[in-house]
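Here is a short briefing to read alongside the model. Take a look at the structure first, and then let's walk through it topic by topic.

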Amino acid sequence: MVHLGRIGRWAFFAFIALYLAIPMVAVILYSFSARWTSNILPDAYTLAHWGEAFRDERMRNAFWRTTWMAIAVLLLDIVLVVPAVYWQRVRNPKIRVFAELSAAIPFVLPFIVIAFGILKFMGRSAPQMLGTPLIILLSHAAIAFPFLYWAVDGAMAAANVGRLNEAAVVCGASPLQTLRHVILPNISSGLAAGGMLVFATSFGEFALVQILAGSRFENISLYSLDLLLNTTSQVELMAVLTILMFVVLFGISVAVVYLNRGREGGFLPGSRALVTEKNE
Amino acid sequence: MTRSSSGGVSLSGISKHYGAVRALDDVSLEVAPGELIALLGPSGCGKTTLLRSVAGLEKPDSGRVVIGGRDVTQDPARKRPIGMVFQSYVLFPNMTIRDNVGFPLRMRGASSDAVRKRADELLALVGLSEQADRYPHQVSGGQQQRGALARALAPEPEVLLLDEPLSALDALVRVRLRDEIRRIQQMVKITALYVTHDQAEAMAIADRVAVMNAGKIEQLDAPAALYDEPATSFSAGFVGNRNALELPVVNGVVRLGEALTANAPAGSGGRVVAFFRPEDVHVGQGGEAATIENVSFQGLLTRLHLSVPTGGEPARLWADLPSRNAAGLQVGGSVPVRIDANHVRIFPAE
Ligand SMILES: Nc1ncnc2c1ncn2[C@@H]1O[C@H](COP(=O)(O)OP(=O)(O)OP(=O)(O)O)[C@@H](O)[C@H]1O
Ligand SMILES: [Mg+2]
């Protein structure tokens, strides 16, 4: 590796920070600008766009729709993935191949291809589903679950779930009790990291919503595109929207990092122990 | 804390295969109520598999498991009246020691007052009261195993199963905790199966020791009997750090020069294996002249590695003698050795 001096390191850091920050700063400035001509900063500032954005019912609806959908997708994926991975690890390692293959699909196929596949399939088998929130929920859950799968699988490996499970079983715990009192608390960091990715995937998703529901389920991405296509004067609104999305996702990431600070194994006190254990 | 009495364990005809590997071969074992039996044997002989079959963590291909008079062969592990301590610490890392100990009771729906009372009682029993509110990673390995023991005892199981509970600990802690486990087991009067590959540990802790080899129990005896009277050549070789010499039989007599003369057991062929402990080799009291190959001072005792000439390949053996009698013995020197025939166990060579 190239060895940078102290100054070099700071310069490098500053460059990266600027590179990341400038677009955000520009968007923020833009959202407050009354007029922005050829100067480096806006000619005049206003709160009008923010006011407009919050008054705009269409936008509020889009934001709300997107948020609850992302939460629903997250919950559905947790309910599907966690017991499945647990089962695979403690009872039936053979389903692993199947699980890993299906968890690889969304990484291999572009979302747009998946969307067309679902469209074709549903068009033939259940056309009345198209355009409903349910189809969005199911398809988002399907494309986002691998993030949770890999994160949870890794966390379970690190927490040595097989051994924890046996210890719980000989204590008389049922599978559900084991999952709730022993497994979940020890994989919480993986759950949080994977869950965040699932949330973000649904939150910013465009292709599936566009193809499977279109204007019948206008989420933030669709709404943003509409703003861009319609009139130039709406671009400031778009800036407001971008900032809001950023704040939501950034807020969640910070929360995840904060909750996991200094811990390898999980949120809860003590959950680090298994990770640092040297046995076997 | 004291209880009426825990039941016994009765295993009959337990077999278990993993593919072509025969981990357990028609094992039967009766553990009396309140008795501690150590399962002793080399790595891979099936100790863990047998213990896990009792626990219900492994499903044997055939055989019956009866605990406290109840046939539990078909019951899943969580329905069996057992408590188990594993080799590596598996206290739940997300719970304090006290919550770990109370866990089996909470899972059975006990009230939180009752759980706490019983947990504190057990923590006092295993000497962990002061660490009750710590998390497992905040206590030592030995303390974690004490916690695991308390947790296993919490629901008053019929039988306590321990799978090499001390093997991850260092020697000093190991001996102390071993005695502690024995004390608690006797105090609670619980039936116990204790897996170990350490013969000293098995002898020290058990009422009876089951020596296992290749999926079978070779011998089941009290420690002293096992030590003095190994029933098979495997137990003779495995227990007591014995010398093992393969010797020819001539006219029904086994002989190593002037050092040993003994009758061959009935049915032995042309060759036998003679097992004898190093303290039963007498040095400097007549017998056959042996060459000293090595002298190693071990405190109270000194161990000599000796080579006794025979017709062909010399016989190599070791002898332990009190260090005060070993003064003046030099490597390369020659001493007369004699093996006490009363303490030699002879088995047909395989
Ligand atoms: N899950 C398994 N799959 C395949 N073979 C196994 C499995 N568990 C145990 N065996 C085999 O069964 C035999 C007995 O194993 P077991 O673990 O009972 O031995 P052990 O006496 O406990 O040994 P150790 O002292 O090393 O713990 C061994 O040959 C082992 O390789
Ligand atoms: Mg074992």
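Helices and strands here are DSSP runs numbered from the N terminus, with helices being H or I of at least four residues and strands being E of at least two. With that in hand, α1(B) is the element that gives the most to the shell around ligand 1, with three residues. This is a predicted model, in which local features need pLDDT of at least 70, side-chain atom pairs count only at pLDDT 80 or more, and totals for chains, interfaces and linings use all residues. Residues are numbered from 1 along each chain as its sequence is written, chains are lettered from A and ligands numbered from 1 in the order in which they are written, and side-chain values use heavy atoms, leaving out hydrogens and water.

- The residues around ligand 1 (a heavy atom within 4 Å) include B:Tyr18, B:Pro42, B:Cys45, B:Lys47 and B:Glu164.
- By class, this shell holds five nonpolar, five polar and two charged residues; Ala, Val, Leu, Ile, Met, Phe, Trp, Tyr, Cys and Pro count as nonpolar, Asp, Glu, Lys and Arg as charged, and the others, Gly among them, as polar.
- In the side chain of B:Thr49, an N or O atom is 2.5 Å from an oxygen atom of ligand 1.
- Taken alone, ligand 1 exposes 630 Å², and the protein buries 60% of that (areas by the Shrake-Rupley method with a 1.4 Å probe).
- In chain B, β2 (21-31) and α1 (47-55) are the elements that give two or more residues to the shell around ligand 1.

**Helix α3 of chain A**

- Helix α3 (residues 57-90) of chain A has 34 residues, which at 1.5 Å a residue should span 50 Å; because its end C-alpha atoms are 49 Å apart, the two agree. The expected span is 1.5 Å times one less than the number of residues.
- At the start of α3(A), a side-chain oxygen of A:Asp56 comes to within 2.9 Å of the backbone nitrogen of A:Arg58.

**Domains**

- Chain B is divided into domain 1 (9-233) and domain 2 (243-348), with bounds from an automatic or database domain assignment.
- Over C-alpha atoms, the centres of these two domains of chain B are separated by 39 Å.
- Seven residues of domain 1 of chain B are in contact with five residues of domain 2 of chain B (heavy atoms within 4.5 Å).
- Chain A is divided into domain 1 (1-46) and domain 2 (56-279), and their C-alpha centres lie 32 Å apart.
- Between the domains of chain A, six residues of domain 1 are in contact with seven residues of domain 2.

Methods. Polar contact = N/O pair within 3.5 Å; in protein donor to acceptor, adjacent residues only side chain to side chain.
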